[in-house]
Each structure stands twice: as structure tokens, then as C-alpha cells.
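Me: Hi! I'm new to looking at protein models. Could you go through this one with me?

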Amino acid sequence: WVLTGNADDRISGTIRKSANQTVTNSTTVQNDNEFSFPVKQGETWIFQINAITSYAASAYGGLKVRMQVPSATNCSNTISTNFNAAYSTNASCNTDLTTLDLSGHGAMSTDAILYLGVFKAGANGTAQFMWAQSSSNAALTSILRDSTMTYTRLSGADVAEVYYTHDQKT
């Protein structure tokens, strides 16, 4: 990311998962144990989640993900996977994005998922990453320890203008 605006007014952070989190037999998105941050009404945020995922040999389907934000007014989200270089995008707030079928792994293996987005909060609250299996099955589907989420509040001018002058008093 290249950020402009008032650096003194910028709030950012990085969260690194301290433990694996696993789901089985569920297509209902659940709160991630660690990936959340507070937001206030009118603030605009960008986020990036680099998830290391693990699928059991018998797993099929992919992941369903969502960034749940309070009364969001504007959103844009994209998820992509290293496994098949596929991606999914939407511009709706608080809705699920699904990775394409990851069942071609064949054996217990890991993958890298990149989920990023921008939103404007419509109320005070918490931005919460949520996820589930896209197809319910008994095989373990996990987001692993050391996955990270980076978030930054945007503020100030998004575009700066520069003017040339010979006036040395300026």
C-alpha cells in the first residue's frame, strides 16, 4: 500500500494469530478468534489478511470469508488463493466471499489466502473477520498460527497537489 494524507492522524496495526483455529462440518461463518479491531462512525479503513490455511486430505470446497463491519455504507472486498490463482470480488458490505474449490490438494496440505478490502464504518463498533467452510464436511479446515491481519485508518487528503514557484518567500 502507498498511503497519503495526515500521517499523524493515521491509526494502523498488525495482528499475528497465536494459535491455529479449526472448523469442521459448518458453512456458517464464525468470528475469527483474533482478527478484529475497533472502528468509529465515518472512519474509512483498509485491511489485508494473509491467511495460511490447512485442509485435511478428504476436504472439499473452499473457504467462505467476511469482514463484518457496523452499518457499513461503502465496501470493496477481494479474496484470492495461491492454490489455483482464482479470486472473488464483491462490493457489498457484510456479505460472504467464497474461494473456489480447493479440493485438488489430494493430501493434507496448506495454502495461502489473501483477503483485502476497504470500507467506511456507518456506526461505532468492531470490524470482525469471519470464516467457515464453503461446503460442509467432516475434514479439518484451519487458519493457521502466524497468519496476519494488517489494518489502517485512512484520513486527510487522498491526493496531494504540488505547484512549482520561483518565489523563495513561499
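Me: Which residue forms a salt bridge with Arg-145?
Reply: That's Asp-146, and the closest N and O atoms of the pair are 3.4 Å apart. Keep in mind that this is a predicted model.

Me: OK, how many salt bridges does the structure hold?
Reply: Four. One of them is between Asp-32 and Lys-17, with the closest N and O atoms 3.1 Å apart.

Me: And what does that pair tie together?
Reply: Asp-32 sits in strand β3, while Lys-17 is in the loop between β1 and β2, so the pair ties together parts that are 15 residues apart in sequence. Both Asp-32 and Lys-17 are buried.

Me: What does Arg-153 form a salt bridge with?
Reply: With Glu-43, and there the closest N and O atoms are 3.0 Å apart. This pair links distant parts of the chain: Arg-153 belongs to strand β12 and Glu-43 to the loop between β3 and β4, 110 residues apart.

Me: Are those two buried or exposed?
Reply: Arg-153 is at 11% relative accessibility, so it counts as buried. Glu-43 is at 14%, which means it counts as buried too.

Me: What else is Glu-43 up to? Which side chain does it join through a polar contact of 3.1 Å?
Reply: The side chain of Trp-45. Leaving out residues up to four places away in sequence, Glu-43 touches Phe-119, Lys-120, Ala-121 and Arg-153.

Me: Switching topic: what order do the strands have in the open sheet of four?
Reply: The order is β3-β10-β5-β8, and the pairing is antiparallel. At the edges are β3, residues 30-39, and β8, residues 97-98, each of which pairs on one side only.

Me: What holds strands together in general?
Reply: Strands of a sheet pair through backbone hydrogen bonds, either parallel or antiparallel.

Me: How many bridges join β5 to β8?
Reply: Two, with the strands running antiparallel; β5 covers residues 63-68.

Me: And which residue in β8 stands opposite Lys-64?
Reply: Look for Thr-98: that's the one in β8 standing opposite Lys-64.

Notes:
Residues numbered from 1 in each chain as written. Predicted model: local features only at pLDDT ≥ 70, side-chain atom pairs only at ≥ 80, totals over all residues. Heavy atoms only, no water. Pairing = 2+ DSSP bridges. Salt bridge = Lys/Arg side-chain N within 4 Å of Asp/Glu carboxyl O. Buried < 20%, exposed > 50% of the residue type's maximum accessible area, 1.4 Å probe, protein only. Polar contact = N/O pair within 3.5 Å; in protein donor to acceptor, adjacent residues only side chain to side chain. Contact = heavy atoms within 4.5 Å.
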